[in-house]
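Subject: Structure handover

Hi,

Here is the structure for your files. Please look it over before reading the notes below it.

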Amino acid sequence: MRLLLASCSGGLVGLRRLGGLPRVAGSSSLGMARVLSIENVDQKTLEEVLQETSAALRGGGVVAIPTDTIYGVASLVSSNEGIERIYEMKGRWRDKPLAICVSEVEQVYRWAKVTVPSSLLSRLLPGPVTTVFERGGDLNPALNPGLPLVGLRIPDSSFVRCLVEQCGCPLALTSANLSHSSSTLSVQEFRELWSLLDVVVDGGVISHGGRGGEEEASRLGSTVVDLSHTGSFSIIRHGMHYQQTVKLLEMNIT
């Protein structure tokens, strides 16, 4: 079953309905955050959630969103306040970089110095892969200061991609959990962060079809690959679609 979400650039794109227990459409509040459901809702509700979430981000806020791998917390890349809040709420060391999330492959070229053919980049993204390149000069200096590289993500999620488009700015993105804790597949798993967030977007339980050990493997998040050197690659983190990613890279990079 698929729900349709109006694209910010026109036309229609699919929003996959995530699994999990049904919830009543709408919102609820707990502490600071507004919890907005996008599970089993209509087009109008989806658009309202997009508007409210993007408004929170444009106001310097931090939100939680479901991606194609795990739940994440995000701010605008341009928001120094939002970036700082992410580090504080997660108890994250400042030397651990945040990835950035864009909505289209073409946008990668603005924020990074791409070293691979466009055909390969389009096969890696969108998907559960974070591509690491030398950072571009337009990137906010407050994001990962002093680091020459940056990771870029395009989740295979129409909601996330439309959210980026509606904000008109990439998102600084990381996992929705306290540092050194397991990644999360439902909003209930990071309840301790709700009071520190402006909006929590509830897409239900992110299910990758696994059980037991397979489910735990799905908490690895995206596979992170360093592509900053022309003609070579290295895996920084084993994540989802690791084997497929390595195979694709080996066939296209010599």
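The notes below go from the overall fold to the core and then to one residue.

This is a predicted model: local features need pLDDT of at least 70, side-chain atom pairs count only at pLDDT 80 or more, and totals for chains, interfaces and linings use all residues. Residues are numbered from 1 along each chain as its sequence is written, and side-chain values use heavy atoms, with hydrogens and water left out.

Overall: the protein has eight helices and 14 strands (DSSP runs, H or I of at least four residues and E of at least two, numbered from the N terminus). It has 254 residues, and 53% of them count as buried (under 20% relative accessible area, 1.4 Å probe, protein chains only). Take contacts (heavy atoms within 4.5 Å) between residues at least 6 apart in sequence: 61% join residues at least 24 apart.

Core: the largest nonpolar core holds 70 residues (buried Ala, Val, Leu, Ile, Met, Phe, Trp, Tyr and Cys joined through side-chain atoms within 4.5 Å). Its largest share, six residues, comes from helix H5 (residues 158-167). Phe190 is among the residues with the most contacts inside the core. Beyond four places in sequence, Phe190 touches Ala64, Tyr71, Ala176, Thr184, Leu197 and Val200.

Thr223 is buried, at 0% relative accessible area. A polar atom of its side chain lies 2.9 Å from the backbone nitrogen of Gly239. Leaving aside neighbours within four places, the contacts of Thr223 include Pro128, Ile235 and Tyr242.

Best wishes

Terms used:
Buried means under 20% relative accessible area, exposed over 50%, partly exposed in between (1.4 Å probe, protein chains only). A polar contact is a pair of N or O atoms within 3.5 Å; within protein, one must be able to donate a hydrogen and the other to accept it, and residues adjacent in sequence count only if both atoms are side-chain atoms.
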